[in-house]
Amino acid sequence: NFFVLQQFVLFNEIYTVLIGKYVGKSDLGLYSKSKSLAFQPELICNGVIQKVAVPILAQYQNDISLMKQKYKEIKGVLVGTMLLVSGLLIVCAKPVVLILWGEKWIDTAPIFQILVLTNIVSYPAYLSLIFLQVINRTGYTLKLEFIKKPICLLIILLMLNFGFYGLLWALVISTIYTTIINMLPVVKYLSYSYKEQFFGIYKHF
């Protein structure tokens with residue numbers, strides 16, 4: 001788990017390095033400022049879900065059908081709530097930036113919107129990784145990382161030619177890909193097919 005966490009942190013720092021080196025320090029400042037706010041709802045949500053979901057799902061380890069039902073219920077609350085919060089942040093990005101930071105940071109608004117969009121894409125799969133903790137299959141997380149990271153790195157390198165916003169949209173594209181991969185454990189161990197998962201997400205959209 002510690003190795004996976006280190007890998008995740010180091011990989012996320014790629015954006016900071018690439019933006020600073022190949023795009024410019026001014027864009028790096030805008031990105032860092034936007035990132036500091038955009039990921040706050042995700043951090044809060046992840047902390048709450050970690051404390052709530054693990055003990056609830058752990059009660060049903062011996063009954064896959066009940067665990068699947070509880071998983072779907074928790075996922076519905078998570079996705080429904082965070083879609084609403086993130087959707088409001090995207091729509092109200094400019095007023096939020098103006099209130100919190102003032103006119104001089106208004107250029108962070110579109111960056112902030114894209115970063116919040118990556119959160120929306122990632123929410124449906126976060127619970128899947130928690131599920132692996134519940135069934136004591138955390139080693140599977142490492143396998144997922146080896147599947148995800150090479151493709152994500154390729155996407156980043158390809159989009160680097162499109163400048164700063166190319167890198168931002170690379171983050172969205174790679175997040176879509178990692179979300180699909182992160183859903184795999186639930187398909188494998190909980191018999192919760194991709195079709196069912198995507199239909200559940202669609203309902204909340």
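**Close-up views of a predicted model**

View 1. Cys92 is partly exposed, its relative accessible area being 32%. Cys152, by contrast, is buried, with a relative accessibility of 2%. As you look at these residues, keep in mind that the model is predicted. A disulfide is a covalent bond between the sulfur atoms of two cysteines. Searching the whole structure turns up zero disulfides.

View 2. Across the protein chain the pLDDT averages 84, and 93% of the residues reach at least 70. Helix 5 (residues 93–101) has the highest confidence, at 94, while helix 1 (residues 2–23) has the lowest, with a mean of 60. Over residues 1–8 the pLDDT falls below 50, and this stretch makes nine contacts in the model beyond near neighbours in sequence. Where pLDDT is low, the predicted coordinates should not be read in detail.

**View 3. A nonpolar patch on the surface.** Which residues form this nonpolar patch? They are Ile44, Val48 and Val52, which together have about 260 Å² of accessible area. Ile44 belongs to helix 3, which covers residues 40–58. With a relative accessible area of 56%, Ile44 is exposed.

View 4. Find Thr175 in helix 8, which spans residues 163–182. Is Thr175 buried or exposed? Thr175 has a relative accessible area of 10%, so it is buried. Leaving aside residues up to four places away in sequence, Thr175 touches Thr118, Val121 and Ser122.

**View 5. Lys143 in helix 7.** Lys143 sits in helix 7, made up of residues 139–159. Its relative accessibility is 53%, so Lys143 counts as exposed. For a sense of scale, pick out Glu42 as well: Lys143 and Glu42 are 101 residues apart along the chain, and their C-alpha atoms are separated by 24 Å.

**View 6. Two loop residues with positive phi.** Begin with Asn136, in the loop between helix 6 (108–134) and helix 7. The phi of Asn136 is near 60°, a positive value in a residue other than glycine. Asn136 is exposed, at 64% relative accessible area. Now move to Ser191, in the loop that lies between helix 9 (184–190) and helix 10 (194–204). Ser191, also a residue other than glycine, has a positive phi near 55°. Ser191 counts as exposed, with 52% relative accessibility.

Notes: Residues numbered from 1 in each chain as written. Predicted model: local features only at pLDDT ≥ 70, side-chain atom pairs only at ≥ 80, totals over all residues. Heavy atoms only, no water. Helix = DSSP H or I, 4+ residues; strand = E, 2+ residues; numbered from the N terminus. Buried < 20%, exposed > 50% of the residue type's maximum accessible area, 1.4 Å probe, protein only. Contact = heavy atoms within 4.5 Å. Patch = residues over 30% accessible without salt bridge, like charges linked within 9 Å, V, L, I, M, F, W, Y side chains within 5 Å. Areas by Shrake-Rupley, 256 points an atom, 1.4 Å probe, with all protein chains shown as cover. Salt bridge = Lys/Arg side-chain N within 4 Å of Asp/Glu carboxyl O. pLDDT = per-residue confidence, 0-100. Disulfide = S-S within 2.5 Å.
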